[in-house]
2 protein chains.
Amino acid sequence: MSRKYVYRFDEGNKGMRSLLGGKGANLAEMKSMGLPVPPGFTITTEACNVYQVGANMPEGLEEESANALEGLEKETGKKFGDERNPLLVSVRSGAAVSMPGMMDTVLNLGLNDSTMEGMARLTGNRRFALDCYRRFIQMFGNVVLGMEHAEFERVLAMNKERAGVVQDQQMDDAALEGVIRDYKTLVRNVTGSDFPQDPKTQLMMAVKAVFESWNNQRAIVYRKVNKIPDDLGTAVNIQSMVFGNMGDDCATGVVFTRNPSTGVAELYGEYLTNAQGEDVVAGIRTPRPIAEMARVMPETHKQLVETCGLLESHYRDVQDIEFTVEKGRLYMLQTRSAKRTATAAVRAAVDMVSEGKITREEALMRIEPDHIVKILHRGIDPSAKLDVLATGLPASPGAATGKAVFDSDRAEALGQDGENIILVRPETTPDDMPGVVFSQGILTSRGGMTCHAAIVARGMGKPCVVGCDALKIDLNERCLYVGDKIVREGDVISIDGATGNIYIGRVPVIDPQLSAEFKNLLDWADRARRLGVQANADTPRDARKAREFGAQGIGLCRTEHMFMQADRLPIVQEMILAETEEERRAALDKLLPIQQRDFEQILEAMRGYPVTIRLLDPPLHEFLPNVEDLVVQLTEARMRGATGPDIERKRELLKKARALSESNPMLGFRGCRLGVVYPEIYEMQARAIFQATAVLIGRGIDDVKPEVMIPLVGHHLELRPLKELVERVADEVRRGTGIQFPCIVGTMIEVPRAALTADEIARHAEFFSFGTNDLTQTTFGFSRDDAEAKFLHIYVQKKILGDNPFAVIDESGVGKLIETAVKLGRSVRSGLIIGICGEHGGDPRSIDFCHRAGLDYVSSSPFRVPIARLAAAQAAIRNRTA
Amino acid sequence: MSRKYVYRFDEGNKGMRSLLGGKGANLAEMKSMGLPVPPGFTITTEACNVYQVGANMPEGLEEESANALEGLEKETGKKFGDERNPLLVSVRSGAAVSMPGMMDTVLNLGLNDSTMEGMARLTGNRRFALDCYRRFIQMFGNVVLGMEHAEFERVLAMNKERAGVVQDQQMDDAALEGVIRDYKTLVRNVTGSDFPQDPKTQLMMAVKAVFESWNNQRAIVYRKVNKIPDDLGTAVNIQSMVFGNMGDDCATGVVFTRNPSTGVAELYGEYLTNAQGEDVVAGIRTPRPIAEMARVMPETHKQLVETCGLLESHYRDVQDIEFTVEKGRLYMLQTRSAKRTATAAVRAAVDMVSEGKITREEALMRIEPDHIVKILHRGIDPSAKLDVLATGLPASPGAATGKAVFDSDRAEALGQDGENIILVRPETTPDDMPGVVFSQGILTSRGGMTCHAAIVARGMGKPCVVGCDALKIDLNERCLYVGDKIVREGDVISIDGATGNIYIGRVPVIDPQLSAEFKNLLDWADRARRLGVQANADTPRDARKAREFGAQGIGLCRTEHMFMQADRLPIVQEMILAETEEERRAALDKLLPIQQRDFEQILEAMRGYPVTIRLLDPPLHEFLPNVEDLVVQLTEARMRGATGPDIERKRELLKKARALSESNPMLGFRGCRLGVVYPEIYEMQARAIFQATAVLIGRGIDDVKPEVMIPLVGHHLELRPLKELVERVADEVRRGTGIQFPCIVGTMIEVPRAALTADEIARHAEFFSFGTNDLTQTTFGFSRDDAEAKFLHIYVQKKILGDNPFAVIDESGVGKLIETAVKLGRSVRSGLIIGICGEHGGDPRSIDFCHRAGLDYVSSSPFRVPIARLAAAQAAIRNRTA
């Protein structure tokens, strides 16, 4: 109707990103700041969304555009299609959320046979005008007319051969005219129509092409990976062209206001003289560091430095800026929040706080918690003596190891099969997105720190090395050479995105260390958050790591891993094979001192903080050999006629394994059900816990805080007798040792019935801990093992589920049960301590939910503890009531 | 404190059963009716409960008892321990809920060396007095002193041998004196004390023994089986003795006011002249029909008939009455509601309505719905030509087949292993309870229609044949003889409790027919109930049976059973093995006409009523051969070096079976998840349903009402596309055939998430059906297959769970979800039709819950439809708001 689809740059501002897209809003903002922005206007995302419905241009858009174009003509004094003083424009996509390189762009639009001549006259540089026209036909043909890039390349190569030259730059006017003639013939042959000569027609076709690029394959993949909604749409920016490729007083470049890899406060970027922006981003020519510009064009460099400082202060964030220098004059083409590594994000945020540019809370909110998991991943051991194969640019830190794969499709296929992959390419393009998603790391022989591969890898937190000239990549043979060394597809290589080093084979890695800035940030987080953060740890080593990362206790110590160790397994099997309680107790007596030592070590490692020990949970058959293996072995023995005690034992094991085997072990004889049927098992474990406690207190370590957690309770009458049993054992140990200690017994809430009857359960439970893995399984009726392999990915793909509910808590289903349990539990026991120990305890969005649901703490894997601390702080800030 | 523990019979009434027990309350009531009840008093159940706490006699009880005893002495003119005119009493247990024979009784208490002589003088029958004393010592020794029955029997046998006699009755005074002497010696040797001579000591010891018998093993088992709370306690009735064994003008008997097997309005029972009550109940002598009494003692018989009529009218229910005739004088010893077969219960209730004795609602409430399942069990085909091995008394109707087992322990053990058992005993005693529980039927060679076995079997609705004299049972050899035929333990036999016939081997059975009275009762039920009753039926045969039994539709028609039939399975496997959608569709095309025919038949069979068809639900691997079998076969083939196409096919099947195999199939790739991933399967099924509908309408059968049910929905976005698919297919069929029909799509609510988000789901679902089997599995986190075998029985045994939640709905957990779903669902779609199709739909207590939860209908197995109709009526009456 009367919707406004077109905004001049001077009508917008940075607050209008959802309407104008990020690029459009920021161009408008820069305009309003008085910065040198080439004039232009923006077609809104709404226009795009209207277009998507029926593939028709919105009513009135053409007219509005024409008006805006008229304005542009007035402002620039140039005229669209005017041979004497032609206006040329760029047509660029720009969504509300940055999707670098995913959608289409057309430059030099407005050129045709006559304006080309006008340009030649105006610039006094016919070769330049011919080259622009040649590039424009190719770009328009590819982007707007949907023709193959390779077809144009073939025609170009043919013409170069005919002209007897090798490089594009070597072509003279005549050669370029030949190229243009052949390009136009090609367009006519492929599309059945002449190359459009009317600039307004060109413009509307280009706008339509940008709209359509919203739904190209790579954009869809990118949105899926980055969880960007499909209905945002893209804006289209139409801007009068400036040229970085008009001579040596021209340049184009990309700068970051701080180093996007380390966060150090230095202008960081690259530029190319006599080039268009595409040349930098595509990684075709390796650009020069921005610092060199100070020497080559000192004035412009100074102006650039000032402008960058202004933009960072104005936006209160690190900026990623595109600029062009046309005949010595600086133009700003784009500014946006810079994608950066987690390390850089932390460093920049903390520095900006000390520079007084942002507050601590802003700093905390600025870090993507899921992103910093990358800082916490292991790096290559610096003390290891390794042969470096080659060294490239360190574009995104972290170590990655995998099979070298030389194309995106194969990387995707193998990656989906669970292989670790390093994607190796001369350079990457947006078409490589699917392969990047499924790779552990990316390695390119061309491109700089701001090339496509580097930007995407940093955005996804994947290790990346770019611009490694020493590599000779042979895509046909699917191998790479470095001198006389060869790496074939499928050979394992490693890359170190922090140093740029490349290695053949695997490399030794070490645990990450927290930087001073990161510790600083986490300190602020600790002060901001309400939720406690604990860790899931089964070993003293994990417990120590968790403490180092800031865990304030162990929210889940699983005892079954202790049962699985090689020296214990035979005793555990003895216990399982026992026919009588007496035999079972004899085996348990052997396990008691072993478990007690485990607990002594872990309690000591976490002294001062609670250690929540879960009693035996998995079904007993998990401790026996696989039924199918035994069946094969016994069938073989039978066919061979073999007998003997070994066969007999196998037969006995098979018998027991069969007796214990279950249709649905997840819902079977496990958790407290074991404790109810074989109380002697839980009795042994309780004894080991309390004897360990007494031993430590006896040794003067009196600040140990064991808590006993009963798993899989669904009915309060399951919990009551087991709690009584644990309390009885505690009493016995107190009496036996003469040492006093508290006995705290709680339960996991991990089946719906426990949540629904949490009031009854809270009468006996001194704490609750949500086991959200199992709770998600039972609430959905999803077996995690089966669902993820068989249908869950299809559910996410078809958008039946927004997220994998095992990764992010399902608030409307599982979350409802959690809220119910919290309410009912506290209605009976007001001080009830409530936590979460499922994997969701380390997921930022789930942590935000836990904060809102009123939990007391989250417990995550040790390596996710810093993430949980940050996420908990963000949750507190985000949900602060005004 | 000042609690009153003792009530004289004239202080009580029938309303006081929880305090005085059933027997005590009814004795008091009969007393107040002016009936001839021997005087006595009752010690309350409260006294028993106080005793149970610390095994000490409640304070004041002894004194109160002494006072009551004094009153008794005054009333009878006899005196406790008085040699000249001794008072003898019976001491009988009597709980609020009848537990026949489970607890202890002592008769003739008050006898000692001197009162025995007094009795001899008073009766002029020294032999009688000696026999009483002998019996008393034995009974007291056994019940109160805890001595073995067999020890007394040994002494008795010894004395009989010494006296040269075979029968007890043949012993003369001297022989009996010898027995008494030896009994007393035995008591001293075993207990270390003399047999107590003081009657008051005897009395308090006996009372204590009765209290303790509340917790003997068989009473505990009985309470568990009959779901009687453990804390009710038993009262103790102390009543002056009357003697049915003083001569031929004495008798004792048991009568029912109506035939307890058929319900026919006739005085029905048995009596023995010159005997004590125990002789009738224990089945040691086979008693005479009560009708004979009219000839032998006409006056007393007439009085008995009148009294019985009076009692039935007074109690408004069929009575089970014990009486004794002492020297021509009738005494009433007990009256209670008669245990009866379901057939009898129905007949009596309906008759009593026509007799104007009770209302229709009373009649409806009087029938135990779970009990009438027995009427609906199959009987032996009367047209079959069978060799009858022998015929006994038809004590409890129904046909049963199983292995003959000759002792209770073994019957229990084998029954627990899932064997079908017929327990064969000369007679049963309360100690046989566990064996009875685990048997399909009971067969005895002794006893009458009112013997222990008969009463218990009727109470439990198990087929029972008693008093089959033709059987010679050899317990040592574990076999029975009938003439020259022999049945050894483990041989299969059948019994027909309706005719008393016994057969070797299995027998052909037929479906039950509903009696006119039963139809009458169910008509009343239909008028009283609010809930609709439908049936779960997968075949036209089941559908017809369900209709016959009154089902008003099919609440669940499972399509997978159709897939399993031998002619379809290869096609189904073809579909599963398909590598592409095209191959899959080719197989589905073959299934389409087959499924369509299935649906035509079933829709026609249920015309006029809705047929809810559930689309494919089970995981696909259920249609493939077992993995382990394939592994064994392939291992064998490998060892043999065998090859060939058969081996190849097996290898292929194994590969697919492995690919489809799941850790927890119950939570795996099944239900609507199949439909989401392979929509073509559901498409075929929907097409088969609507084409069947169109064909029937085309044939003029226009009242068919298919409804499509999508299983296992947990998220509304699963349902939406599948509903759209079904609607699209319906449209296609309408267009293709030109026939109009409605398309109704709903869903099962069977995972907690569906219940928790029922408002979202109801936006798409036109009906809900609770799949409470799966909902119970997921709410508890119980795999039914695993839980029932591995721990659920222990949970019920330890009273963690009151009932198996797969049998009776768990109101506080699963029920909460159901209530939530009903509320949320109707909040969005006010007319939403809601039913239940899990097995709980046929369970009376669960039906009561469904009524209260506001469901629209229940759906049960066809044979439980009458039960559901009755239970639904009872629920409506019971929950009627005043």
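Guide: Thr401(B) stands opposite Ser494(B) in strand β21 of chain B. The model shown here is a predicted one. The two strands concerned are β14 (residues 399-405) and β21 (residues 492-496) of chain B, which run antiparallel and are joined by 5 bridges. In general, the strands of a sheet pair through backbone hydrogen bonds, in either a parallel or an antiparallel manner.

This pair belongs to an open sheet of 8 strands in chain B, whose order is β12-β22-β21-β14-β15-β16-β17-β13 and whose pairing is mixed. At the edges lie β12 (390-391) and β13 (393-396) of chain B, each of which pairs on one side only. Helix α16 of chain B, residues 408-416, lies across β14 and β15 (421-425) of chain B, and the helix runs at about 180° to β15(B).

A further open sheet in chain B has 5 strands in the order β8-β7-β6-β9-β10, with antiparallel pairing. Its edge strands are β8 (288-289) and β10 (329-337) of chain B, and each pairs on one side only. Within this sheet, 6 bridges join β6 (residues 251-256) of chain B to β9 (residues 319-326) of chain B, the two running antiparallel. Here Thr252(B) is the residue that stands opposite Thr324(B) in β9(B). Helix α12 (residues 298-315) of chain B lies across β6, β9 and β10 of chain B, at about 30° to β10(B).

The meeting of the two chains may now be considered. Chain B contributes 55 residues to the contact and chain A contributes 55 residues. Between them, chain B and chain A bury about 4,900 Å², of which 59% is on carbon and sulfur atoms. Three residues, Leu667(B), Arg753(B) and Lys790(B), supply 13% of the area that chain B buries against chain A, more than any other three residues.

Arg753(B) also takes part in a salt bridge with Asp810(A), in which the closest N and O atoms are 2.7 Å apart. Across the interface of chain B and chain A there are 4 salt bridges by the rule applied. Polar contacts between chain B and chain A number 32 residue pairs, counted where both residues have pLDDT 80 or more. On the side of chain B that touches chain A, helix α24 (residues 627-640) of chain B gives the most, with 9 residues. Sorted by class, that side of chain B has 26 nonpolar, 13 polar and 16 charged residues.

Note on methods. Residues numbered from 1 in each chain as written. Chains lettered and ligands numbered in written order. Predicted model: local features only at pLDDT ≥ 70, side-chain atom pairs only at ≥ 80, totals over all residues. Heavy atoms only, no water. Contact = heavy atoms within 4.5 Å. Buried area = accessible area lost by both parts, 1.4 Å probe. Salt bridge = Lys/Arg side-chain N within 4 Å of Asp/Glu carboxyl O. Polar contact = N/O pair within 3.5 Å; in protein donor to acceptor, adjacent residues only side chain to side chain. Helix = DSSP H or I, 4+ residues; strand = E, 2+ residues; numbered from the N terminus. Nonpolar A, V, L, I, M, F, W, Y, C, P; charged D, E, K, R; others polar. Pairing = 2+ DSSP bridges. Axes fitted to C-alpha atoms, helices over the stretch in contact; angles between N-to-C directions.
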